[in-house]
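Visitor: I would like to go through this structure with you, one topic at a time. Could we start once it is on the screen?

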Amino acid sequence: MFDLDGCLVESEVLALKAVAEEAQRLGARDVDVEELGRELLGLKMSAIADWLGKRTGVPTPGDFGARLDTGLMDQYPTGLRPVDGAAALLSNLDESGFSMAVATGSSFPRMRLALEVSELARYFEARMCSADLVANGKPAPDLFLHAAKVLARAPCECLVIEDSPHGVKGALAAGMTAIGFVGGGHLKGRRDEQAGTLLRAGCTIVVRHLSELESLIRDKESLMYVG
């Protein structure tokens with residue numbers, strides 16, 4: 001199972017900038033992209049809106065999620081690209097017969113558009129799992145358990161690729177093994193810091209490039225319940 005934003009597509013750079021601009025419009029002049037990255041990676045839009053309301057002291061507008069989603073989707077056709085190595089990794093795993101799903105806090109329409117624009121959708125047809133489909137997003141286990149059902153796999157058989165501690169905690173709560181990824185563009189300049197955060201959250205290992213994942217996934221039995 002792959003987290004989408006920051007693991008397969010370089011959408012987090014766009015999303016964090018958009019949320020920072022919204023926070024500043026609401027009066028939180030000291031909110032920056034780094035703080036948002038530490039606090040909000042992996043969360044669904046409603047949780048981000050709740051966090052912003054508490055951080056700014058001003059109720060987040062009810063249309064916040066819809067406006068942010070629309071603004072980001074408008075940028076995707078020209079501004080979104082896959083994470084380096086994503087297409088090669090997915091192609092190799094697909095050819096080898098691995099079952100793969102996306103498990104993301106993004107809305108379903110934004111998830112689908114991101115995968116289509118980045119030309120990765122064909123690896124996940126009928127296996128695109130959005131937090132829109134479950135009651136509780138990350139760090140709850142709901143999304144990962146839903147994805148396991150879609151894949152017809154027991155949780156203990158599943159590996160989860162995540163760039164956020166919220167996602168790692170959700171995967172572990174679901175009884176899965178988590179691998180941390182810190183190669184996304186949004187983590188430039190703080191990869192070591194994020195690697196430590198992911199390890200403390202409970203992931204088994206952290207990688208810096210998607211090319212490192214293939215051998216780990218192929219030898220997944222050695223990763224289960226290690227850490």
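Visitor: Which residues is leucine 8 in contact with, leaving aside its neighbours within four places in sequence?

Guide: Leucine 8 is in contact with Phe2, Asp3, Pro82, Val83, Ala86, Leu90, Val102, Leu120 and Phe124, where contact means heavy atoms within 4.5 Å. This is a predicted model, in which local features need pLDDT of at least 70, side-chain atom pairs count only at pLDDT 80 or more, and totals for chains, interfaces and linings use all residues. Residues are numbered from 1 along each chain as its sequence is written, and side-chain values use heavy atoms, with hydrogens and water left out.

Visitor: Which residues of the largest nonpolar core touch the most other members?

Guide: They are Met1, Phe2, Leu8, Leu115, Phe124 and Leu213, out of 76 residues in that core. Helix α1 (residues 12-25) supplies the largest share of this core, 7 residues. A nonpolar core is a set of buried Ala, Val, Leu, Ile, Met, Phe, Trp, Tyr and Cys residues joined through side-chain atoms within 4.5 Å. Helices (H or I, at least four residues) and strands (E, at least two) are DSSP runs, numbered from the N terminus.

Visitor: Is threonine 104 buried or exposed?

Guide: Threonine 104 counts as buried because its relative accessibility is 0%. Buried means under 20% relative accessible area, exposed over 50%, and partly exposed in between (1.4 Å probe, protein chains only). Threonine 104 sits in strand β1 (residues 102-104).

Visitor: What does its side chain make a polar contact with?

Guide: The partner is the side chain of aspartate 5, at 3.4 Å. A polar contact is a pair of N or O atoms within 3.5 Å; within protein, one must be able to donate a hydrogen and the other to accept it, and residues adjacent in sequence count only if both atoms are side-chain atoms. Beyond four places in sequence, the contacts of threonine 104 include Met111, Cys129 and Lys138.

Visitor: What about the phi of glutamate 119?

Guide: Glutamate 119 has a positive phi of about 60°, although it is not a glycine. Glutamate 119 is in the loop between α6 (108-117) and β2, and is exposed, with a relative accessible area of 63%.

Visitor: And alanine 152, buried or exposed?

Guide: Alanine 152 counts as exposed, at 68% relative accessibility. Alanine 152 has a positive phi of about 60° and is placed in the loop between α7 and β3 (159-162).
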